[in-house]
Each structure stands twice: as structure tokens, then as C-alpha cells.
Amino acid sequence: MDDIEAVTGAVREGETRLIYAETMSNPTLTVADIPRLSAVAREKGVMLVVDNTFTPMVVSPARLGADVVVHSVSKFISGGADIIAGAICGPASLVNSMMDLQNGALMLLGPTMNAKVAFEISERLPHLSLRMKEHCARALAYATRMKKLGLKVIYPGLDDHPHHALLRSMANPGYGSGGMLCVDMGTEERANRLLHHLQNTAQFGLIAVSLGYYETLMSCSGSSTSSELSEEDKHLAGISPGLVRMSVGYSGSLEQRWAQFERALAACAKEATATPPPSITSFSYVTNSN
Ligand SMILES: Cc1ncc(COP(=O)(O)O)c(C=O)c1O
């Protein structure tokens, strides 16, 4: 998505109907240039659809030229990892056509939200901005400290991230750079060892494939949420075997959590040459939506 010429070249006249991008990609955290993608979409006469699941409040794709914005509401918007829901935001003509009694996909295929769930979500929206600010602040603090320790951190809020300036140019003021960060541990074995100690030795967070919860959720993407990709596709997508994706939570104090992180790292270092870590075969209770 960061190769605009490739995107332009891939649009086939008469065949392509839309360009689909994530504001911030899962799990590699590359950032889409929404204004430029929007310009390509306009020029080619197709729609730009943007998945903003990772960056609600942080980026407003509709203001940057997206025609349709989709969210997994199960994540940051719900904030409690207890709801499976989604949102499609677009022009009334599109949304009404999806609800058309005779032909609408929402009417025919059934993804209509339960009214009680809709009410529950509406009660959580007023504090979404506060939650997002705290997710972002914690993620930046961890990313900065992890980098200082020499870890290979991927976080668009760090100025060494290739899309740092692009994100700053698109982000809403005061919201930071998102609550997701990645640490590349080099190998799956080291990633699993870190996850094991973070969850079981130090209680820093939970091993789970969902995101946007108040606790930190962590997974090794290559062997969990992206495990269906071939090795070649993972390589092309930049998903290395040791990539640990973290959805940074805000429970506990920053210093308390950071001490837990350092404790887990120390445990990893201590047994680096000893026995292999337990393999990660089960995830915590947090909803299995990734
Ligand atoms: C970026 C992104 N978009 C959409 C989804 C789909 O979400 P849901 O499981 O709520 O349908 C996910 C996670 O699964 C995601 O990470």
C-alpha cells in the first residue's frame, strides 16, 4: 500500500470497483497514505474503502478522502474484548442500499446488530477518546524505552519509523500514534519465550490475538493471526517469524507495568541457552477476534 504507483497500476478499468486499505496495517504497522490513495481512486473512478480498526480517533479517514470507513468494533471501540461487532460508515446512499429490504446485503446476509449490543456500544463511545489517548501514550512510552534497551521496535510514533511523518500529517492533534506496537525478537522461539514470561512470570499482559483491550494483549503474528499465509507471502508482507504484536493496555501504572516488562526480559535472558519455552497452543479468554 505504500507503493502508490503499484496501486495505480493494479486498478483495472471496468473491473476494479474499489481500493481497500488499512490506515495502519495488521500486524506490520505500515501506514497508508490516505490522501494520495484517495486521489488515485478519484482519478480511476473507483471507491476508497479504509479499515480504521487500529486507529479510531487517531486518524479520521473520511476527512482525508476515504469514501467508506470500516471498523471492527470488537477492538478499541468496544474496549472490553467482550463484543463482536463491526461498523460501515459511508454515504447514506450506500448504507441505505445495504439495508434495502429486497436486495440489501445487510438484510439478506444477516449482520444486523442486536439492539442491546448497539446500546451497550453507544455507552462506551463517550470515553473512546480518553481510552485512545491513554493507549497511545503508553505505547509511545513503551516503544521509546524498549528501543533504548536495544530491542527492535516497530512503532509509527518513533521518528525512525518510515511512516512517522506521514502519520503525523494525517493524525488528529492530541491523539498520538496508536496503541499497537511490534517487537521483532528475530525467531519464533525467542518470541514465544518472551510471550511466556510476559504473561506467566511477570503478569505484564495476556497472550491473545485480539486487540484494543484495557489489558495489554500480545501474540506472535506469524504463527497465530497470519499463520494461514505461505512463508513467501509472510516474507513479502514483512511478517518475520519473531514478530510480537502488542496491543498496549492502560491498566496499572506505567512504572508498575514497565517493571513487569523488565522482569520478563530478565527471565528470558537468564534462560536463553537453557530449555525451550512451552509452545503457545492456547490463548486467554479474551475474544478470539484478531
Ligand atoms: C484490522 C482489522 N480489521 C478487521 C478485523 C475483523 O474484526 P472482527 O473479528 O470484529 O470481524 C480485524 C480482526 O480480526 C482486524 O485486525
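Leucine 109 is found in helix α4 (residues 105-109); helices (H or I, at least four residues) and strands (E, at least two) are DSSP runs, numbered from the N terminus. The model is predicted, so local features need pLDDT of at least 70 and side-chain atom pairs count only at pLDDT 80 or more, while totals for chains, interfaces and linings use all residues. Residues are numbered from 1 along each chain as its sequence is written, and side-chain values use heavy atoms, with hydrogens and water left out.

**Exercise 1.** Work out whether leucine 109 is buried or exposed, and which nonpolar patch holds it.

*Solution.* 
- Start with the cut-offs: buried is under 20% relative accessible area, exposed is over 50%, and partly exposed is in between (1.4 Å probe, protein chains only).
- Leucine 109 has 70% relative accessibility, so it counts as exposed.
- Now the patch: Leu109 forms it with Met99, Leu101, Met107 and Leu108, and together they have about 560 Å² of accessible area.
- Nonpolar side chains (Val, Leu, Ile, Met, Phe, Trp, Tyr) are joined within 5 Å, like charges within 9 Å.

**Exercise 2.** Explain why strand β6 is largely enclosed, and find the strands it pairs with.

*Solution.* 
- Check burial: five of the five residues of β6 (residues 180-184) are buried, so the rest of the structure largely encloses this strand.
- Recall that side chains in a regular strand alternate between the two faces of the sheet.
- Here, Met180, Cys182 and Asp184 are buried on one side, and Leu181 and Val183 are buried on the other.
- Look for partners; pairing takes at least two DSSP bridges between two strands. β5 (residues 152-154) pairs with β6 in the antiparallel sense over three bridges, with isoleucine 154 bridged to cysteine 182.
- β9 (residues 243-247) also runs antiparallel to β6, joined by five bridges; leucine 181 stands opposite methionine 246 there.

How values were computed
Patch = residues over 30% accessible without salt bridge, like charges linked within 9 Å, V, L, I, M, F, W, Y side chains within 5 Å. Areas by Shrake-Rupley, 256 points an atom, 1.4 Å probe, with all protein chains shown as cover. Salt bridge = Lys/Arg side-chain N within 4 Å of Asp/Glu carboxyl O.
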